[in-house]
Amino acid sequence: MNFFRGFSLNTTCSFLVFSLGFVNSVLLADQLGPEHYGTLRLWAALVMLGVLFFGEWLNKGNIYVVGREREREAAINHTLLYCLVLGALLLLTAPFSLALATVFVPSITLVQWVLGICVIAFTVLQRAGLSVFLGEDRLKPYALLPVVFIAIYLGGNLVLSQLGYLELERVMGVWVGAVGITGLAIFALFSYRGFRFRWGGRRALGQMLRIGSRGEVCLVLMFLLLKSDLFLIERFLGEKEVGMYGVATNFTDMVQRVANIASVILLAKIVRGQDDTRLSLGVGQGIFVFSLLSAVVLIFGGRLLLSVFFPLYPDAYDPLIWLLPGMLFLGFGAVFNAKLMGEGYPSMTLWAPSIALAVNVALNLWLIPKLGLRGAALSTSLAYALWGVLTASYYLRLNRLGWRAVFALPSFGQEQKPSSKQPPSV
């Protein structure tokens, strides 16, 4: 499937996922209230950090060994074995790891942490399974299965709401059920196409670890850059303000989701040797235009959107506005970063988020006590911009381009066919 067809399909499905997820956020924010909604956002961020820490090497490694080495069966078998062992070990050590979890979410209970562990194990399974589809360039199941997850998650919460049982731990339990069913559905599809459950071999595992470990470090740093402000807000302002800030990021996440879709599909093309820079540059230009238009809409329509969907959170408008400048840089930066990741994770994919994360934490520590949520948003926006500038500068220098190329009108050129030459080594 070529880039534009894959992008259209994934954008359509992602729009559906976001729409259902947005309805879910409105439901939970309204019925849980700012404080419990803030706790849920912190819990979700902690869970996602666990997913990246324990499973991102597998996700990125699968894309490589399936897309470049055509080791589909080995990737599936290593994924199943790893997730079984991971889930068992995390559950056995839950009482001891709870103390570490409370550093990030002080109000978390053992029951909530056990539910979080289940989400971590099942999400690692789900993401690793989807990465096999991505490595095979099978974008239909890759796009459709997340729709199944969000439909189950929203449906379960709506049932709880109608029965009057919607409370924090039950919402977490519904999440476990939704991600578990989706993860198992992925491997039911693999079984339908046929594979043998056996040890996948040391060579494939070594390749997955070599490539995946670089990807994991890069993605963990990026996640901390994107989400560390939530934990700092909790420390200085409390979980209620995390809920307020989380509503603001619902809107910026919606815009960033489009950039993330483009980046993931572009990464699959690059790994398979199907980009000659014209495609990645055109996609980056298109994402910048989309982000700019979205920012204008949110500036003039943000208050109305908050009053309609989140009437309990009017103070979310201020941090939303301050996040928008950084969002512009974050969008095209994500596209250019995908190009660099697909070509072997050069050192800048680690240095750029490390520097931006350090700046983000330092500015948040200084500005949150002085300016509250506005200070958190300003700090984060500046850090996003720094990361985008560093990443784009490296990409442009590597391809002998100037900054004017980024801000030109989108020019995608012709998508390159797979070359008969050996793709660059990662």
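**Close-up views of a predicted helical protein**

**View 1. Helices α2 and α4.** The axes of α2 and helix α4 (residues 110-135) approach within 10 Å and cross at roughly 175 degrees. Axes are lines fitted to C-alpha atoms, for helices over the stretch in contact, and angles run from 0 to 180 degrees between N-to-C directions. The two helices, α2 and α4, are therefore roughly antiparallel to each other (angles over 145 degrees count as roughly antiparallel, under 35 as roughly parallel, 65 to 115 as roughly perpendicular and the rest as oblique). Residues in this contact include Ala-75, Ile-76 and Leu-80 of α2 and Val-114, Ile-117 and Ala-121 of α4; contact means heavy atoms within 4.5 Å.

This is a predicted model, in which local features need pLDDT of at least 70 and side-chain atom pairs count only at pLDDT 80 or more, while totals for chains, interfaces and linings use all residues. Residues are numbered from 1 along each chain as its sequence is written, and side-chain values use heavy atoms, with hydrogens and water left out.

**View 2. Helices α2 and α3.** The axes of α2 and helix α3 (residues 94-104) come within 6 Å and cross at roughly 80 degrees. That makes α2 roughly perpendicular to α3. Here Leu-90, Leu-91 and Leu-92 of α2 meet Ala-94, Pro-95 and Phe-96 of α3.

**View 3. A nonpolar surface patch.** Leu-84, Val-85, Leu-89 and Leu-92 form a nonpolar patch on the surface, and together they have about 430 Å² of accessible area. Patch residues have over 30% relative accessible area and no salt bridge; like charges are joined within 9 Å, and nonpolar side chains (Val, Leu, Ile, Met, Phe, Trp, Tyr) within 5 Å. A salt bridge is a side-chain nitrogen of Lys or Arg within 4 Å of a carboxyl oxygen of Asp or Glu. Areas come from the Shrake-Rupley method with a 1.4 Å probe; for residues, only the protein chains shown count as cover. Leu-84 is found in helix α2 (residues 72-92) and counts as exposed because its relative accessibility is 59% (exposed means over 50%, buried under 20%, partly exposed in between; 1.4 Å probe, protein chains only).

**View 4. Thr-249 in helix α8.** Thr-249 lies in helix α8 (residues 239-271). With 9% relative accessibility, Thr-249 counts as buried. Leaving aside residues up to four places away in sequence, Thr-249 touches Arg-41 and Leu-323.

**View 5. The whole protein.** The protein has twelve helices and zero strands; helices (H or I, at least four residues) and strands (E, at least two) are DSSP runs, numbered from the N terminus. Of its 426 residues, 57% count as buried.
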